[in-house]
Amino acid sequence: MGALIVIGKLTCTAFLIYLLSEIAKRSTAFAALLASLPIASILAAILLYWETGDAERVADFTSNVLWLIYPSLIFFVAFPILLRRGIGFGTALALSIAIMIACYSLYAVILRWFSIKI
C-alpha cells in the first residue's frame with residue numbers, strides 16, 4: 001500500500017508540472033496564475049493530514065510555508081531580470097537559484113534574531 005501512495009504522489013506531481021508547461025505554451029498568464037496557486041502546499045497539507053491525522057502538524061506545516069515564501073519570491077524577481085538582460089537561460093537560472101539560497105540563509109539569520117522558529 002505504501003508504494004502505491006508514493007507512485008500516486010509522483011504521478012500527480014509529474015502531471016501538474018506537465019499540465020502547467022503545456023498551458024504555458026498557449027497562455028503564459030494563465031499558466032502563471034495556476035502556478036502561483038498554492039496547489040502543492042494544499043495537496044501536501046491534505047496528504048499530511050490524511051496520512052497522520054495530526055491537525056497540529058498540518059498547522060505547523062502551513063505556518064512554516066508562509067514564513068518561507070518570502071525568500072523564495074526573490075527568484076521570481078531575479079530570474080526575469082537576468083533573462084531580459086541577455087543572460088543565457090541556464091546561467092540566469094543558476095544565478096537566480098544561488099541568489100534565492102543566499103536570501104534563505106540571510107532570512108534564517110533574521111528569523112533567529114527575532115526568535116522565530118520554523
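# Briefing: salt bridges, a pocket and a surface patch

Arg26 is exposed, at 66% relative accessible area. The model is predicted. Arg26 belongs to a network of salt bridges that also links Glu22 and Lys25. In total the structure holds three salt bridges. The largest pocket has a volume of about 960 Å³. A nonpolar surface patch includes Ile69 and Ile118.

- Glu22 and Arg26 form a salt bridge, with 3.8 Å from N to O.
- Glu22 and Arg26 lie four residues apart in helix H1, so about one helical turn separates them.
- That N-to-O distance of 3.8 Å falls within the 4 Å cut-off for a salt bridge.
- Glu22 also pairs with Lys25, at 2.8 Å from N to O.
- Lys25 and Glu22 are three residues apart in helix H1, again about one turn of the helix.
- Lys25 is exposed, with 62% relative accessibility.
- Arg26, at 66%, is exposed too.
- Both values count as exposed because the cut-off is over 50%.
- Side chains of opposite charge can pair when their charged atoms come close.

- Lys9 forms a salt bridge with Glu51, and their closest N and O atoms are 2.9 Å apart.
- Lys9 sits in helix H1 (residues 2–26) and Glu51 in helix H3 (residues 39–52), so the pair ties together parts that are 42 residues apart in sequence.
- Lys9 is partly exposed, at 32% relative accessibility.
- Glu51 is partly exposed as well, at 41%.

**The largest pocket**

- The volume of the largest pocket is about 960 Å³.
- Helices H1, H2 (28–36), H3 and H4 (55–84) each give two or more residues to the lining of this pocket.
- The lining is made of 27 residues.
- Ala35, Leu37, Pro38, Ile39 and Ala40 are the lining residues nearest the pocket centre.
- H1 gives the largest share of the lining, with nine residues.
- By class, the lining has 21 nonpolar residues, five polar and one charged.

**The nonpolar surface patch**

- Leu66, Trp67, Ile69, Tyr70, Leu73, Phe76 and Ile118 make up a nonpolar patch on the surface.
- Together these residues have about 700 Å² of accessible area.
- Ile69, one of the patch residues, lies in helix H4.
- Ile69 is partly exposed, with a relative accessible area of 37%.

**Ser115, after helix H5**

- Ser115 is in the segment that follows helix H5 (89–113).
- Phi of Ser115 is near 60°.
- This is a positive value in a residue other than glycine.
- Ser115 is exposed, at 61% relative accessible area.

- Thr11 is a residue of helix H1.
- Thr11 is partly exposed, with 49% relative accessible area.
- Thr11 is not classed as exposed because that class needs over 50%.
- The C-alpha atoms of Thr11 and Ala55 are 26 Å apart.
- Along the chain, Thr11 and Ala55 are separated by 44 residues.

How values were computed: Residues numbered from 1 in each chain as written. Predicted model: local features only at pLDDT ≥ 70, side-chain atom pairs only at ≥ 80, totals over all residues. Heavy atoms only, no water. Buried < 20%, exposed > 50% of the residue type's maximum accessible area, 1.4 Å probe, protein only. Salt bridge = Lys/Arg side-chain N within 4 Å of Asp/Glu carboxyl O. 1 Å grid on protein atoms, 1.4 Å probe; cavity = no way out; pocket = protein on both sides within 12 Å on 5 of 7 lines; lining within 4 Å. Points joined across faces, edges and corners; volume = space filled by probe spheres on them. Nonpolar A, V, L, I, M, F, W, Y, C, P; charged D, E, K, R; others polar. Patch = residues over 30% accessible without salt bridge, like charges linked within 9 Å, V, L, I, M, F, W, Y side chains within 5 Å. Areas by Shrake-Rupley, 256 points an atom, 1.4 Å probe, with all protein chains shown as cover.
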